[in-house]
Amino acid sequence: MSAPGSRSAVLDRIRAATAGGAAAAGSYAALPRTYNTQGELSAGQRVALLIERLREYDADVAECAPDALIATIAAQIGRSGLRVLVAPQGLPKEWMVAGCDWRVDHNLSHDQIEQAQGVVTAATCAVAESGTIVLHHTPAEGRRVLTLLPDWHLCVLRASQVVETLPEYFAHCEAPPALATFISGPSATADIEMTRIKGVHGPRFLNVIVVRD
């Protein structure tokens, strides 16, 4: 058991160590920021780079026009062979195509989510340079757990949501999100004996539909 007063002693040391917090914040604000904050690619080039990166990460990417989105969603689900799918509460109803057992997330338990074969969501943004899709977990994107437990994730992304660089993504945010998830391809790791294993901390399969809006 800690001796009386030890907690106070620790807190006193923390206060002493952080006493210059305001000065440190001022020094941080004064740091030069000469890194690239604005991309140079055209809209079409940004999308092409994103798709290239996603495919390098072993994601399956389909493109379509806005009026072909529902048919493309149905085709992607049909190719997967999956039928039991979860959906965020705010997912457009027309995206929940016929022929599937849709489980809408009205506070589904973790066990119920894990029993589903896949999930369909929207997205907030994508960074072409790193091939990263960003979720802010809006009603159409759902809770983070929805995109972690199922083995297959179909994400619908609009071309107009694609930026070139990470600083542009942060500039794109009107306010810092309460929660954000960054997805760069299917979940995988090669930590053990340099053997690539998929699905360690998320879906093994990532399908992305890029809507040319």
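Predicted model: local features only at pLDDT ≥ 70, side-chain atom pairs only at ≥ 80, totals over all residues.
Visitor: Which strands are the edge strands of the open sheet of 4 strands?
Guide: The order in this sheet is β8-β5-β6-β9, and the pairing is mixed. An edge strand pairs on one side only, as the strands at 162–163 and 181–183 do. These edge strands are β8 and β9.

Visitor: Which residue in β6 stands opposite A126?
Guide: Strand β5 spans residues 125–127 and strand β6 spans residues 132–135. The two strands pair in the antiparallel sense over 3 bridges. Opposite A126, the residue in β6 is I133.

Visitor: Which residues of strand β2 are buried on its two faces?
Guide: Strand β2 covers residues 84–87, and both of its faces are covered. A residue counts as buried when its relative accessible area is under 20%. One side of β2 has V84 and V86 and the other has L85 and A87, so the buried residues under that cut-off are V84, V86, L85 and A87.

Visitor: What part of the accessible surface of the protein chain belongs to carbon and sulfur atoms?
Guide: Buried residues make up 40% of the 213 residues in the chain. The accessible surface of the chain comes to about 12200 Å². The share belonging to carbon and sulfur atoms is 55%.

Visitor: Among contacts between residues at least 6 apart in sequence, what percentage join residues at least 24 apart?
Guide: A contact here means heavy atoms within 4.5 Å. The count covers pairs in the protein chain that are at least 6 apart in sequence. Of these contacts, the percentage joining residues at least 24 apart is 70%.

Visitor: By about how much of a helix are R15 and D12 separated?
Guide: The structure holds 7 salt bridges, one of which joins the side chains of R15 and D12 at 2.9 Å, N to O. R15 is exposed, with a relative accessible area of 51%, whereas D12 is partly exposed at 46%. Because the two residues are 3 apart in helix α1 (residues 6–17), their separation is about one helical turn.

Visitor: How many residues apart in sequence are the parts that R79 and D60 tie together?
Guide: R79 forms a salt bridge with D60, with the closest N and O atoms 3.1 Å apart. R79 lies in helix α4 (residues 69–80) and D60 in strand β1 (residues 60–64), so the pair links a helix to a strand. R79 is exposed at 59% relative accessible area, while D60 is partly exposed at 25%. The parts they tie together are 19 residues apart in sequence.

Visitor: Which loops do D151 and R204 tie together?
Guide: The side chains of D151 and R204 meet in a salt bridge of 2.6 Å, N to O. Each residue lies in a loop, and the pair therefore ties together parts that are 53 residues apart in sequence. D151 is partly exposed, with a relative accessible area of 28%, and R204 is partly exposed at 35%. The loop of D151 is between β6 and β7, and that of R204 is between β11 and β12.

Visitor: Is N207 buried or exposed?
Guide: N207 is placed in strand β12. Beyond four places in sequence, the contacts of N207 include D60, Q76 and W152. The relative accessibility of N207 is 9%; the cut-off is under 20%, so N207 counts as buried.

Visitor: How far apart in space are N207 and L154, C-alpha to C-alpha?
Guide: L154 is among the residues in contact with N207, along with H153 and C155. In sequence, N207 and L154 are 53 residues apart. In space, their C-alpha to C-alpha distance is 4.7 Å.

Key:
Residues numbered from 1 in each chain as written. Heavy atoms only, no water. Pairing = 2+ DSSP bridges. Buried < 20%, exposed > 50% of the residue type's maximum accessible area, 1.4 Å probe, protein only. Areas by Shrake-Rupley, 256 points an atom, 1.4 Å probe, with all protein chains shown as cover. Salt bridge = Lys/Arg side-chain N within 4 Å of Asp/Glu carboxyl O.
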